[in-house]
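Work through the exercises below with the structure in view. Each task is followed by a solution in steps.

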Amino acid sequence: MLPEHIRSELRAIVGEKHCLDRQEALVAYSYDATPMQQSLPDVVVMPQSTEEVQQIMRVAAKHQIPIVTRGAGSNLCAGTIPVGGGIVLVLNRMNQIVEIDEQNLTITVQPGVRTADIHQAVEAHGLFYPPDPGSMVISTIGGNIALNSGGLRGLKYGTTKDYVLGLEAVLPNGEIIRTGGKLMKDVAGYDLTKLLVGSEGTLAIITQAILKLIPKPQTQRVMLAMYADMSQAARSVSDIIANRIIPGTLEFLDQGTIRVVEDFKQIGLPTDVAAILLIGQDGEAETVDRDIDKISAICKKNDAVQIKVATTPEEADEVMTARRSALAALSRMRPTTILEDATVPRAQIAPMVAAIQEITERYGLHICTFGHAGDGNLHPTCMTDARNHEEIERVEDAFAEIFQAAIDLGGTITGEHGVGIVKAPYLEWKVGAAGIEVMKGIKQAFDPHNLLNPGKMFAKETRNRVVVNRA
């Protein structure tokens with residue numbers, strides 16, 4: 001427990017209503033969307049302005065109290081777990097859209113604005129903010145920036161980092177910095193904007209962001225292609241890109257996911273196919289129609305057993321439901337659902353899926369895989385039970401092999417979920433010991449007393465590498 005005089009300082013900043021220290025409130029902020037991770041904070045503080053964040057940070061710096069910044073708590077790497085206690089700083093009250101600038105094609109927002117609200121606000125002006133993480137209905141833009149969130153449109157439009165032009169942030173010493181601006185070009189010194197994007201709340205507290213917008217696409221169409229073999233689907237992905245077509249969405253579901261989604265939503269998916277590609281295109285109507293026709297021909301050439309092109313908005317929504325409901329459908333299977341995000345070059349999707357299937361069978365687990373076929377970001381998802389400790393050990397060993405397989409195929413341990421706690425033991429596998437030391441140096445420069453989100457990114461002990469002969 002923090003001493004009463006420190007809690008009084010915090011209450012004086014935000015008001016008693018927005019400074020929570022009762023046990024039931026602390027429990028609510030002791031976990032996020034990551035299973036099997038929980039730790040109680042000492043206090044939960046909810047500021048409404050940059051100035052209040054600055055004052056809270058100064059109190060924390062004076063008393064050497066750790067701060068964990070939190071939005072909706074929807075992250076999947078235990079990035080908002082207060083492992084050292086301290087202050088959980090909830091930014092949901094900072095939820096204002098400050099400005100939509102139609103001349104400079106930007107939107108300025110506070111960190112607590114929901115991603116879906118940004119979409120709705122800018123589309124009313126005929127504009128478009130492409131990043132669309134699966135949690136966009138509840139996730140906040142501050143969390144998206146902290147984790148460099150991706151989404152279904154990543155192949156064509158990129159991820160959050162590609163749309164952050166400028167930031168306002170509070171440093172661990174309580175100083176405020178402002179980076180970038182409404183600029184397409186800015187090479188004045190180190191690119192602090194890009195450094196803060198994806199830093200997982202370990203370097204500074206983001207209090208405002210300037211985001212790039214683009215014109216809203218005129219139209220969009222979606223289609224499904226079904227395959228008897230995963231390699232045929234993977235070849236289709238490669239051939240689509242090789243034909244200089246960049247779809248707005250290019251997703252896939254493996255057979256296990258297809259069966260669970262169909263049981264959940266009953267939208268007419270064939271459950272006897274090995275893989276489904278969900279493909280969408282947007283832009284000018286003539287271009288979209290031409291691309292959909294070309295993509296259909298490519299899928300047929302690669303032995304798709306069935307192709308279904310949505311002809312109405314209702315059918316298009318139904319097709320998208322097949323992908324967006326995957327996690328919800330899988331979560332019904334067993335008490336604990338572990339969703340991961342190993343990523344490989346898209347040419348390696350079929351070998352990666354085969355490796356996941358082999359590992360799953362060898363460990364006697366139930367893992368289904370879906371994800372972003374266009375950018376190689378896969379979501380192997382394990383349905384398990386946290387109460388079964390022996391099984392959880394097998395799950396952890398299996399995912400270690402899956403991460404190693406991704407690295408062996410030229411990939412990475414995480415494409416969009418972040419490192420947080422759960423991926424920290426594997427980070428050195430990807431970046432090497434020298435890379436870890438560079439990152440620690442950056443952390444030391446920003447946060448020499450390790451106040452911001454301690455216990456994340458850098459593991460106390462790196463897990464031993466997995467050596468498996470898959471020849």
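**Exercise 1.** State where Glu200 lies and whether Glu200 is buried or exposed.

Solution. Glu200 sits in the loop between helix H7 (192-196) and strand S10 (205-212); helices (H or I, at least four residues) and strands (E, at least two) are DSSP runs, numbered from the N terminus. Next, the backbone: Glu200 is not a glycine, yet its phi is positive, about 60°. Last, Glu200 has 8% relative accessibility and counts as buried (buried is under 20% relative accessible area, exposed over 50%, partly exposed in between, with a 1.4 Å probe and protein chains only).

The model is predicted: local features need pLDDT of at least 70, side-chain atom pairs count only at pLDDT 80 or more, and totals for chains, interfaces and linings use all residues. Residues are numbered from 1 along each chain as its sequence is written, and side-chain values use heavy atoms, leaving out hydrogens and water.

**Exercise 2.** Do likewise for Gln64.

Solution. Gln64 belongs to the loop between helix H3 (50-63) and strand S3 (67-70). Its phi is near 55°, positive in a residue other than glycine. With 39% relative accessibility, Gln64 is partly exposed.

**Exercise 3.** Find which strands stand at the edges of the open sheet of seven strands, and why one side of each is left without a neighbour.

Solution. Write the order: S15-S12-S14-S13-S17-S18-S16, with antiparallel pairing (two strands pair if DSSP finds at least two bridges between them). Strands S15 (306-309) and S16 (336-339) are at the edges; each has a single partner strand, so one side of each lacks a neighbour in the sheet.
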